[in-house]
Number of protein chains: 2
Amino acid sequence: MPPTNATYHHGDLRAACLSSALELLEKGGARALSLRAVARRAGVSPAAPYRHYADREALVSAVAAVGYRELAERLAAAHPAPSTPEQLASVGVAYVQFALEQPALFRMMFGEPCDRDNDERVAATAAVSLYLREIVARCFPHADAEALAPAIWALVHGLAFLHLDGKLDAPTPAAVADRVTAAIHGLLSATAGD
Amino acid sequence: MPPTNATYHHGDLRAACLSSALELLEKGGARALSLRAVARRAGVSPAAPYRHYADREALVSAVAAVGYRELAERLAAAHPAPSTPEQLASVGVAYVQFALEQPALFRMMFGEPCDRDNDERVAATAAVSLYLREIVARCFPHADAEALAPAIWALVHGLAFLHLDGKLDAPTPAAVADRVTAAIHGLLSATAGD
DNA sequence: CGCTAATGTGAGCGCCGCTCACATCCTAGT
DNA sequence: ACTAGGATGTGAGCGGCGCTCACATTAGCG
(Lines give C-alpha, C1' and ligand atoms only; values in the text may rest on other atoms or scores of the structure.)
Protein backbone atom coordinates (compact mmCIF):
# COMPACT_ATOMS: atom_id res chain seq x y z
CA MET A 1 0.00 0.00 0.00
CA PRO A 2 1.36 3.41 -0.88
CA PRO A 3 2.23 5.52 2.14
CA THR A 4 -0.67 7.85 2.81
CA ASN A 5 1.44 10.08 4.99
CA ALA A 6 0.51 13.69 5.20
CA THR A 7 3.37 14.75 3.04
CA TYR A 8 3.15 17.36 0.34
CA HIS A 9 3.10 14.63 -2.22
CA HIS A 10 0.24 12.25 -1.99
CA GLY A 11 1.94 8.97 -2.72
CA ASP A 12 -0.35 7.46 -5.29
CA LEU A 13 -2.82 10.09 -6.31
CA ARG A 14 -3.54 8.41 -9.59
CA ALA A 15 -4.97 5.32 -7.94
CA ALA A 16 -6.66 7.39 -5.25
CA CYS A 17 -8.46 9.39 -7.92
CA LEU A 18 -9.61 6.26 -9.65
CA SER A 19 -11.07 4.68 -6.53
CA SER A 20 -12.63 7.96 -5.47
CA ALA A 21 -14.17 8.22 -8.90
CA LEU A 22 -15.69 4.77 -8.59
CA GLU A 23 -17.14 5.64 -5.20
CA LEU A 24 -18.58 8.90 -6.42
CA LEU A 25 -20.02 7.20 -9.47
CA GLU A 26 -21.70 4.52 -7.41
CA LYS A 27 -23.05 7.03 -4.93
CA GLY A 28 -24.21 9.86 -7.15
CA GLY A 29 -24.24 8.72 -10.75
CA ALA A 30 -22.30 10.01 -13.70
CA ARG A 31 -23.08 13.61 -12.92
CA ALA A 32 -21.41 13.36 -9.54
CA LEU A 33 -18.16 12.23 -11.08
CA SER A 34 -16.26 15.50 -11.34
CA LEU A 35 -12.54 16.02 -11.14
CA ARG A 36 -13.09 18.57 -8.41
CA ALA A 37 -15.10 16.16 -6.30
CA VAL A 38 -12.47 13.50 -6.83
CA ALA A 39 -9.79 15.93 -5.69
CA ARG A 40 -11.82 16.87 -2.63
CA ARG A 41 -12.33 13.25 -1.73
CA ALA A 42 -8.64 12.57 -2.08
CA GLY A 43 -7.87 15.54 0.14
CA VAL A 44 -6.00 17.39 -2.53
CA SER A 45 -6.31 20.66 -4.42
CA PRO A 46 -8.70 20.88 -7.39
CA ALA A 47 -5.90 21.08 -9.92
CA ALA A 48 -3.92 18.13 -8.64
CA PRO A 49 -5.73 15.37 -10.56
CA TYR A 50 -4.78 17.07 -13.80
CA ARG A 51 -1.23 15.87 -13.20
CA HIS A 52 -2.52 12.32 -13.69
CA TYR A 53 -5.51 12.66 -15.99
CA ALA A 54 -5.43 15.02 -18.91
CA ASP A 55 -9.09 15.85 -18.54
CA ARG A 56 -12.35 14.48 -17.27
CA GLU A 57 -12.72 12.16 -20.19
CA ALA A 58 -9.41 10.51 -19.40
CA LEU A 59 -10.64 9.73 -15.92
CA VAL A 60 -13.90 8.42 -17.34
CA SER A 61 -11.98 6.14 -19.67
CA ALA A 62 -9.98 4.78 -16.77
CA VAL A 63 -13.18 4.16 -14.84
CA ALA A 64 -14.70 2.42 -17.84
CA ALA A 65 -11.64 0.21 -18.14
CA VAL A 66 -12.11 -0.87 -14.54
CA GLY A 67 -15.72 -1.63 -15.40
CA TYR A 68 -14.67 -3.83 -18.29
CA ARG A 69 -12.37 -5.78 -16.04
CA GLU A 70 -15.12 -6.24 -13.47
CA LEU A 71 -17.52 -7.34 -16.17
CA ALA A 72 -15.04 -9.88 -17.46
CA GLU A 73 -14.69 -11.28 -13.97
CA ARG A 74 -18.43 -11.52 -13.58
CA LEU A 75 -18.81 -13.37 -16.86
CA ALA A 76 -16.03 -15.76 -15.98
CA ALA A 77 -17.59 -16.32 -12.57
CA ALA A 78 -20.92 -17.21 -14.19
CA HIS A 79 -19.17 -20.03 -15.97
CA PRO A 80 -15.43 -20.47 -16.44
CA ALA A 81 -15.62 -22.22 -19.81
CA PRO A 82 -19.14 -22.45 -21.20
CA SER A 83 -19.64 -25.03 -23.89
CA THR A 84 -23.40 -25.51 -24.07
CA PRO A 85 -26.26 -23.17 -24.88
CA GLU A 86 -27.44 -23.34 -21.27
CA GLN A 87 -24.05 -22.30 -19.98
CA LEU A 88 -23.81 -19.54 -22.51
CA ALA A 89 -27.22 -18.32 -21.43
CA SER A 90 -26.03 -18.14 -17.83
CA VAL A 91 -23.18 -15.93 -18.99
CA GLY A 92 -25.71 -13.71 -20.71
CA VAL A 93 -27.72 -13.48 -17.51
CA ALA A 94 -24.57 -12.44 -15.68
CA TYR A 95 -24.01 -9.69 -18.23
CA VAL A 96 -27.45 -8.24 -17.62
CA GLN A 97 -27.13 -8.63 -13.87
CA PHE A 98 -23.89 -6.70 -13.92
CA ALA A 99 -25.62 -3.87 -15.74
CA LEU A 100 -28.48 -3.81 -13.27
CA GLU A 101 -26.25 -3.92 -10.23
CA GLN A 102 -23.87 -1.22 -11.41
CA PRO A 103 -26.04 0.94 -13.63
CA ALA A 104 -23.91 4.06 -13.48
CA LEU A 105 -20.72 2.16 -14.22
CA PHE A 106 -22.35 0.26 -17.04
CA ARG A 107 -23.64 3.49 -18.56
CA MET A 108 -20.19 4.99 -18.24
CA MET A 109 -18.73 2.02 -20.11
CA PHE A 110 -21.11 2.40 -23.02
CA GLY A 111 -23.16 5.52 -22.64
CA GLU A 112 -20.74 8.24 -23.58
CA PRO A 113 -19.34 8.66 -27.04
CA CYS A 114 -15.72 7.60 -26.80
CA ASP A 115 -14.25 10.36 -28.90
CA ARG A 116 -10.61 9.85 -28.24
CA ASP A 117 -9.95 6.17 -28.20
CA ASN A 118 -8.19 5.58 -24.95
CA ASP A 119 -5.86 2.63 -25.46
CA GLU A 120 -6.77 0.98 -22.21
CA ARG A 121 -10.42 1.24 -23.04
CA VAL A 122 -10.07 -0.09 -26.56
CA ALA A 123 -8.08 -3.04 -25.30
CA ALA A 124 -10.69 -3.82 -22.67
CA THR A 125 -13.45 -3.71 -25.24
CA ALA A 126 -11.54 -5.96 -27.57
CA ALA A 127 -11.01 -8.41 -24.73
CA VAL A 128 -14.73 -8.67 -24.07
CA SER A 129 -15.41 -9.05 -27.76
CA LEU A 130 -12.84 -11.81 -28.23
CA TYR A 131 -13.97 -13.58 -25.09
CA LEU A 132 -17.51 -13.67 -26.39
CA ARG A 133 -16.52 -14.92 -29.79
CA GLU A 134 -14.44 -17.65 -28.25
CA ILE A 135 -17.32 -18.83 -26.11
CA VAL A 136 -19.72 -18.83 -29.01
CA ALA A 137 -17.31 -20.81 -31.13
CA ARG A 138 -17.02 -23.41 -28.41
CA CYS A 139 -20.76 -23.63 -27.79
CA PHE A 140 -21.67 -23.73 -31.47
CA PRO A 141 -18.81 -25.17 -33.47
CA HIS A 142 -21.02 -25.52 -36.54
CA ALA A 143 -22.21 -21.93 -36.52
CA ASP A 144 -20.52 -18.87 -37.96
CA ALA A 145 -19.08 -17.42 -34.76
CA GLU A 146 -18.06 -14.27 -36.59
CA ALA A 147 -21.71 -13.54 -37.24
CA LEU A 148 -23.34 -15.16 -34.22
CA ALA A 149 -21.20 -13.61 -31.50
CA PRO A 150 -22.16 -10.02 -32.30
CA ALA A 151 -25.81 -11.01 -32.46
CA ILE A 152 -25.69 -12.57 -29.02
CA TRP A 153 -23.76 -9.63 -27.62
CA ALA A 154 -26.30 -7.25 -29.09
CA LEU A 155 -29.22 -9.21 -27.72
CA VAL A 156 -27.83 -9.27 -24.23
CA HIS A 157 -26.60 -5.70 -24.42
CA GLY A 158 -30.00 -4.50 -25.57
CA LEU A 159 -31.77 -6.40 -22.81
CA ALA A 160 -29.44 -4.80 -20.30
CA PHE A 161 -30.07 -1.28 -21.53
CA LEU A 162 -33.80 -1.63 -21.95
CA HIS A 163 -34.14 -3.02 -18.45
CA LEU A 164 -31.88 -0.28 -17.15
CA ASP A 165 -34.12 2.33 -18.72
CA GLY A 166 -37.28 0.68 -17.46
CA LYS A 167 -38.50 0.14 -21.01
CA LEU A 168 -39.16 -3.49 -20.24
CA ASP A 169 -41.16 -4.23 -17.16
CA ALA A 170 -39.02 -6.47 -15.01
CA PRO A 171 -40.79 -7.20 -11.76
CA THR A 172 -37.99 -9.31 -10.30
CA PRO A 173 -34.39 -10.14 -11.11
CA ALA A 174 -35.55 -13.69 -11.66
CA ALA A 175 -37.94 -12.49 -14.35
CA VAL A 176 -35.10 -10.65 -16.02
CA ALA A 177 -32.98 -13.77 -15.94
CA ASP A 178 -35.81 -15.81 -17.43
CA ARG A 179 -36.29 -13.36 -20.23
CA VAL A 180 -32.60 -13.31 -21.03
CA THR A 181 -32.37 -17.06 -20.99
CA ALA A 182 -35.40 -17.49 -23.21
CA ALA A 183 -34.20 -14.93 -25.71
CA ILE A 184 -30.76 -16.46 -25.99
CA HIS A 185 -32.10 -19.96 -26.42
CA GLY A 186 -34.41 -18.74 -29.14
CA LEU A 187 -31.63 -17.16 -31.09
CA LEU A 188 -29.29 -20.06 -30.56
CA SER A 189 -31.57 -22.88 -31.60
CA ALA A 190 -32.06 -21.08 -34.89
CA THR A 191 -28.41 -20.85 -35.76
CA ALA A 192 -27.67 -24.30 -34.42
CA GLY A 193 -30.04 -25.84 -36.91
CA ASP A 194 -28.46 -23.80 -39.65
CA MET B 1 -46.47 30.27 -37.15
CA PRO B 2 -46.34 32.29 -33.94
CA PRO B 3 -45.40 35.95 -34.42
CA THR B 4 -41.67 36.34 -33.88
CA ASN B 5 -42.06 40.07 -33.42
CA ALA B 6 -39.47 41.84 -31.36
CA THR B 7 -41.85 42.37 -28.51
CA TYR B 8 -40.97 41.89 -24.90
CA HIS B 9 -42.70 38.57 -24.98
CA HIS B 10 -41.25 36.06 -27.35
CA GLY B 11 -44.39 34.51 -28.72
CA ASP B 12 -43.65 30.83 -28.41
CA LEU B 13 -40.50 30.47 -26.44
CA ARG B 14 -41.34 26.94 -25.44
CA ALA B 15 -41.25 25.68 -29.00
CA ALA B 16 -38.27 27.88 -29.83
CA CYS B 17 -36.33 26.33 -26.97
CA LEU B 18 -37.18 22.87 -28.16
CA SER B 19 -36.02 23.43 -31.71
CA SER B 20 -32.91 25.25 -30.53
CA ALA B 21 -32.18 22.31 -28.29
CA LEU B 22 -32.46 19.89 -31.19
CA GLU B 23 -30.10 22.01 -33.27
CA LEU B 24 -27.57 22.29 -30.48
CA LEU B 25 -27.78 18.58 -29.84
CA GLU B 26 -27.17 17.72 -33.45
CA LYS B 27 -24.32 20.17 -33.75
CA GLY B 28 -22.45 19.67 -30.51
CA GLY B 29 -23.71 16.56 -28.77
CA ALA B 30 -25.39 16.17 -25.43
CA ARG B 31 -22.85 18.32 -23.66
CA ALA B 32 -23.69 21.30 -25.83
CA LEU B 33 -27.33 21.14 -24.86
CA SER B 34 -27.47 23.68 -22.05
CA LEU B 35 -30.37 25.87 -21.06
CA ARG B 36 -28.13 28.90 -21.33
CA ALA B 37 -27.11 28.06 -24.88
CA VAL B 38 -30.73 27.45 -25.77
CA ALA B 39 -31.65 30.84 -24.35
CA ARG B 40 -28.83 32.51 -26.26
CA ARG B 41 -29.91 30.87 -29.49
CA ALA B 42 -33.48 31.97 -28.92
CA GLY B 43 -32.28 35.52 -28.29
CA VAL B 44 -33.55 35.61 -24.77
CA SER B 45 -32.13 35.99 -21.28
CA PRO B 46 -30.60 32.95 -19.55
CA ALA B 47 -33.43 32.65 -17.06
CA ALA B 48 -36.28 32.82 -19.55
CA PRO B 49 -36.39 29.12 -20.47
CA TYR B 50 -37.06 28.29 -16.85
CA ARG B 51 -40.56 29.69 -17.34
CA HIS B 52 -41.23 26.78 -19.69
CA TYR B 53 -38.96 24.01 -18.48
CA ALA B 54 -38.52 23.35 -14.79
CA ASP B 55 -34.90 22.34 -15.28
CA ARG B 56 -32.50 20.93 -17.79
CA GLU B 57 -33.88 17.46 -17.42
CA ALA B 58 -37.34 18.64 -18.38
CA LEU B 59 -35.94 20.01 -21.62
CA VAL B 60 -34.07 16.78 -22.21
CA SER B 61 -37.27 14.82 -21.73
CA ALA B 62 -39.04 17.01 -24.27
CA VAL B 63 -36.19 16.48 -26.72
CA ALA B 64 -36.33 12.75 -26.13
CA ALA B 65 -40.06 12.77 -26.80
CA VAL B 66 -39.43 14.41 -30.15
CA GLY B 67 -36.87 11.70 -30.82
CA TYR B 68 -39.43 9.00 -30.11
CA ARG B 69 -41.86 10.55 -32.53
CA GLU B 70 -39.19 10.76 -35.22
CA LEU B 71 -38.21 7.18 -34.59
CA ALA B 72 -41.81 6.06 -34.91
CA GLU B 73 -42.05 7.86 -38.24
CA ARG B 74 -38.88 6.22 -39.46
CA LEU B 75 -40.12 2.78 -38.54
CA ALA B 76 -43.45 3.39 -40.21
CA ALA B 77 -41.67 4.69 -43.30
CA ALA B 78 -39.59 1.51 -43.50
CA HIS B 79 -42.80 -0.45 -43.82
CA PRO B 80 -46.29 0.75 -43.01
CA ALA B 81 -47.67 -2.60 -41.90
CA PRO B 82 -45.05 -5.35 -41.86
CA SER B 83 -46.44 -8.85 -41.87
CA THR B 84 -43.48 -11.02 -42.86
CA PRO B 85 -40.09 -11.65 -41.29
CA GLU B 86 -38.41 -9.82 -44.16
CA GLN B 87 -40.55 -6.76 -43.64
CA LEU B 88 -39.97 -6.86 -39.91
CA ALA B 89 -36.25 -7.07 -40.55
CA SER B 90 -36.44 -3.94 -42.66
CA VAL B 91 -38.06 -2.16 -39.74
CA GLY B 92 -35.20 -3.33 -37.55
CA VAL B 93 -32.71 -1.96 -40.03
CA ALA B 94 -34.52 1.36 -39.95
CA TYR B 95 -34.23 1.39 -36.16
CA VAL B 96 -30.47 0.98 -36.30
CA GLN B 97 -30.13 3.48 -39.12
CA PHE B 98 -32.00 6.04 -37.08
CA ALA B 99 -29.56 5.54 -34.23
CA LEU B 100 -26.56 5.90 -36.51
CA GLU B 101 -27.88 8.99 -38.23
CA GLN B 102 -28.90 10.80 -35.05
CA PRO B 103 -26.47 9.43 -32.48
CA ALA B 104 -26.78 12.26 -30.00
CA LEU B 105 -30.56 12.22 -30.11
CA PHE B 106 -30.66 8.46 -29.79
CA ARG B 107 -28.35 8.57 -26.80
CA MET B 108 -30.51 11.26 -25.26
CA MET B 109 -33.55 9.05 -25.67
CA PHE B 110 -31.95 6.12 -23.91
CA GLY B 111 -28.62 7.12 -22.48
CA GLU B 112 -29.59 9.14 -19.46
CA PRO B 113 -31.31 7.65 -16.46
CA CYS B 114 -34.86 8.93 -16.59
CA ASP B 115 -35.24 9.75 -12.94
CA ARG B 116 -38.47 11.61 -12.98
CA ASP B 117 -40.80 9.93 -15.38
CA ASN B 118 -41.89 12.67 -17.66
CA ASP B 119 -45.40 11.82 -18.85
CA GLU B 120 -44.72 12.71 -22.44
CA ARG B 121 -41.65 10.56 -22.45
CA VAL B 122 -43.32 7.58 -20.85
CA ALA B 123 -46.15 7.76 -23.34
CA ALA B 124 -43.75 7.90 -26.25
CA THR B 125 -41.87 4.89 -24.96
CA ALA B 126 -45.06 2.96 -24.49
CA ALA B 127 -46.09 3.81 -28.03
CA VAL B 128 -42.89 2.36 -29.45
CA SER B 129 -43.28 -0.70 -27.29
CA LEU B 130 -46.87 -1.33 -28.32
CA TYR B 131 -46.09 -0.68 -31.96
CA LEU B 132 -43.36 -3.30 -31.88
CA ARG B 133 -45.54 -5.86 -30.16
CA GLU B 134 -48.28 -5.31 -32.68
CA ILE B 135 -45.92 -5.85 -35.57
CA VAL B 136 -44.50 -8.99 -34.06
CA ALA B 137 -47.95 -10.39 -33.44
CA ARG B 138 -48.85 -9.81 -37.09
CA CYS B 139 -45.63 -11.29 -38.44
CA PHE B 140 -45.67 -14.29 -36.14
CA PRO B 141 -49.23 -15.11 -35.15
CA HIS B 142 -48.15 -18.45 -33.71
CA ALA B 143 -45.43 -17.03 -31.51
CA ASP B 144 -45.72 -15.54 -28.05
CA ALA B 145 -45.59 -11.87 -28.96
CA GLU B 146 -45.36 -10.90 -25.32
CA ALA B 147 -42.02 -12.68 -25.15
CA LEU B 148 -40.78 -12.27 -28.70
CA ALA B 149 -41.29 -8.54 -29.07
CA PRO B 150 -38.93 -7.56 -26.24
CA ALA B 151 -36.31 -9.97 -27.57
CA ILE B 152 -36.42 -8.38 -31.00
CA TRP B 153 -36.38 -4.91 -29.55
CA ALA B 154 -33.39 -5.82 -27.42
CA LEU B 155 -31.53 -7.35 -30.34
CA VAL B 156 -32.01 -4.31 -32.52
CA HIS B 157 -31.39 -1.89 -29.66
CA GLY B 158 -28.18 -3.64 -28.77
CA LEU B 159 -26.98 -3.62 -32.35
CA ALA B 160 -27.70 0.07 -32.51
CA PHE B 161 -25.74 0.87 -29.36
CA LEU B 162 -22.81 -1.38 -30.11
CA HIS B 163 -22.43 0.10 -33.55
CA LEU B 164 -22.80 3.56 -32.10
CA ASP B 165 -19.96 2.87 -29.69
CA GLY B 166 -17.79 1.32 -32.34
CA LYS B 167 -17.75 -1.99 -30.53
CA LEU B 168 -18.75 -3.77 -33.68
CA ASP B 169 -16.75 -3.02 -36.76
CA ALA B 170 -19.19 -1.73 -39.33
CA PRO B 171 -17.34 -0.75 -42.49
CA THR B 172 -20.43 0.41 -44.36
CA PRO B 173 -24.08 1.10 -43.60
CA ALA B 174 -24.90 -1.77 -45.90
CA ALA B 175 -22.84 -4.09 -43.72
CA VAL B 176 -24.77 -2.88 -40.70
CA ALA B 177 -28.03 -3.54 -42.45
CA ASP B 178 -26.90 -7.03 -43.42
CA ARG B 179 -25.91 -7.83 -39.88
CA VAL B 180 -29.21 -6.59 -38.50
CA THR B 181 -31.18 -8.52 -41.09
CA ALA B 182 -29.27 -11.72 -40.47
CA ALA B 183 -29.61 -11.46 -36.72
CA ILE B 184 -33.33 -10.84 -36.85
CA HIS B 185 -33.93 -13.69 -39.24
CA GLY B 186 -31.99 -15.99 -36.99
CA LEU B 187 -34.05 -15.13 -33.96
CA LEU B 188 -37.29 -15.22 -35.89
CA SER B 189 -36.92 -18.55 -37.59
CA ALA B 190 -36.37 -20.08 -34.18
CA THR B 191 -39.58 -18.83 -32.67
CA ALA B 192 -41.52 -19.45 -35.85
CA GLY B 193 -40.72 -23.12 -35.69
CA ASP B 194 -41.77 -23.15 -32.08
C1' DC C 1 24.79 17.82 -1.67
C1' DG C 2 22.63 20.20 -5.31
C1' DC C 3 19.87 19.93 -9.79
C1' DT C 4 16.02 18.61 -12.26
C1' DA C 5 11.73 16.67 -13.15
C1' DA C 6 7.64 15.33 -11.00
C1' DT C 7 3.94 16.60 -8.25
C1' DG C 8 0.73 19.62 -5.60
C1' DT C 9 -1.12 24.67 -4.74
C1' DG C 10 -3.80 28.89 -5.36
C1' DA C 11 -5.80 32.00 -8.13
C1' DG C 12 -8.54 32.75 -11.86
C1' DC C 13 -11.35 32.49 -16.46
C1' DG C 14 -15.56 31.26 -18.60
C1' DC C 15 -19.49 28.33 -18.64
C1' DC C 16 -23.21 26.04 -16.36
C1' DG C 17 -27.74 25.18 -13.48
C1' DC C 18 -30.70 27.46 -10.78
C1' DT C 19 -33.10 31.25 -7.89
C1' DC C 20 -35.09 35.63 -6.84
C1' DA C 21 -36.70 40.26 -7.01
C1' DC C 22 -38.33 43.10 -10.44
C1' DA C 23 -40.08 44.75 -15.09
C1' DT C 24 -43.20 44.20 -18.81
C1' DC C 25 -47.00 42.60 -21.21
C1' DC C 26 -51.50 40.20 -22.10
C1' DT C 27 -56.12 39.39 -20.92
C1' DA C 28 -60.21 38.63 -18.49
C1' DG C 29 -63.69 40.71 -15.70
C1' DT C 30 -66.05 44.77 -14.61
C1' DA D 1 -62.62 51.34 -21.70
C1' DC D 2 -60.10 50.34 -17.74
C1' DT D 3 -57.79 48.04 -14.49
C1' DA D 4 -56.21 43.91 -11.58
C1' DG D 5 -53.65 40.00 -11.85
C1' DG D 6 -51.41 36.26 -14.01
C1' DA D 7 -48.03 35.05 -17.40
C1' DT D 8 -43.68 35.88 -19.28
C1' DG D 9 -38.97 37.90 -19.72
C1' DT D 10 -34.80 40.45 -17.30
C1' DG D 11 -30.65 41.16 -14.56
C1' DA D 12 -27.99 40.05 -10.95
C1' DG D 13 -26.06 36.65 -8.42
C1' DC D 14 -24.72 32.04 -5.94
C1' DG D 15 -22.11 27.91 -6.07
C1' DG D 16 -20.07 24.32 -8.92
C1' DC D 17 -17.57 22.77 -12.82
C1' DG D 18 -13.52 22.08 -16.38
C1' DC D 19 -9.39 23.74 -17.35
C1' DT D 20 -4.92 26.68 -17.31
C1' DC D 21 -0.94 28.90 -15.46
C1' DA D 22 2.58 30.64 -12.53
C1' DC D 23 4.53 29.12 -8.48
C1' DA D 24 5.82 26.09 -4.32
C1' DT D 25 7.41 21.77 -2.70
C1' DT D 26 9.47 17.47 -2.93
C1' DA D 27 11.76 13.13 -4.47
C1' DG D 28 15.29 11.00 -6.68
C1' DC D 29 19.47 10.88 -9.19
C1' DG D 30 24.14 12.37 -10.44
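1. Helix α6 of chain B meets helix α7 of chain B through L132(B), R133(B), V136(B) and A137(B) on one side and A145(B), L148(B), A149(B), I152(B) and W153(B) on the other. Two residues meet, or are in contact, if their C-beta atoms, placed from the backbone, lie within 7 Å. By class, this contact has eight nonpolar, no polar and one charged residues. Here Ala, Val, Leu, Ile, Met, Phe, Trp, Tyr, Cys and Pro count as nonpolar, Asp, Glu, Lys and Arg as charged, and the others, Gly among them, as polar.

2. The model is predicted: local features need pLDDT of at least 70, side-chain atom pairs count only at pLDDT 80 or more, and totals for chains, interfaces and linings use all residues. Residues are numbered from 1 along each chain as its sequence is written, and chains are lettered from A and ligands numbered from 1 in the order in which they are written.

3. The axes of α6(B) (residues 119–139) and α7(B) (residues 145–164) cross at roughly 115 degrees and come within 9 Å. Axes are lines fitted to C-alpha atoms, for helices over the stretch in contact, and angles run from 0 to 180 degrees between N-to-C directions. Helices are DSSP runs (H or I, at least four residues), numbered from the N terminus.

4. Helix α3 (residues 56–78) of chain A packs on helix α4 (residues 85–101) of chain A at an angle of about 145 degrees, with the axes 8 Å apart. L71(A), R74(A), L75(A) and A78(A) of α3(A) meet S90(A), V91(A), A94(A), Y95(A) and F98(A) of α4(A). This contact has seven nonpolar, one polar and one charged residues.

5. One residue of that pair can be followed further. S90(A) lies in helix α4 of chain A and is partly exposed, with 19 other C-beta atoms within 10 Å. A residue is buried if 20 or more other C-beta atoms lie within 10 Å of its own, exposed if 12 or fewer, and partly exposed in between, with C-beta atoms placed from the backbone. Not counting residues up to four places away in sequence, S90(A) touches A78(A) and H79(A). S90(A) and A78(A) are twelve residues apart along the chain, and their C-alpha atoms are separated by 6.3 Å.

6. Helix α5 (residues 103–110) of chain B is largely enclosed by the rest of the structure, because eight of its eight residues are buried. These buried residues pack against α7 (145–164) of chain A, together with α1 (13–28), α3 (56–78), α4 (85–101) and α7 of chain B.

7. The contact between the chains takes 32 residues from chain B and 33 residues from chain A. On the side of chain B that touches chain A, α7(B) gives the most, with twelve residues. The residues of that side divide into 19 nonpolar, nine polar and four charged. The copies meet through the same surface, because 100% of the interface residues of chain B are also interface residues in chain A.

8. Chain A is divided into domain 1 (1–53) and domain 2 (56–192), with bounds that come from an automatic or database domain assignment. Ten residues of domain 1 of chain A are in contact with ten residues of domain 2 of chain A. Helix α1 (residues 13–28) of chain A supplies the largest share of the domain 1 side, six residues.

Key: Helix = DSSP H or I, 4+ residues; strand = E, 2+ residues; numbered from the N terminus.
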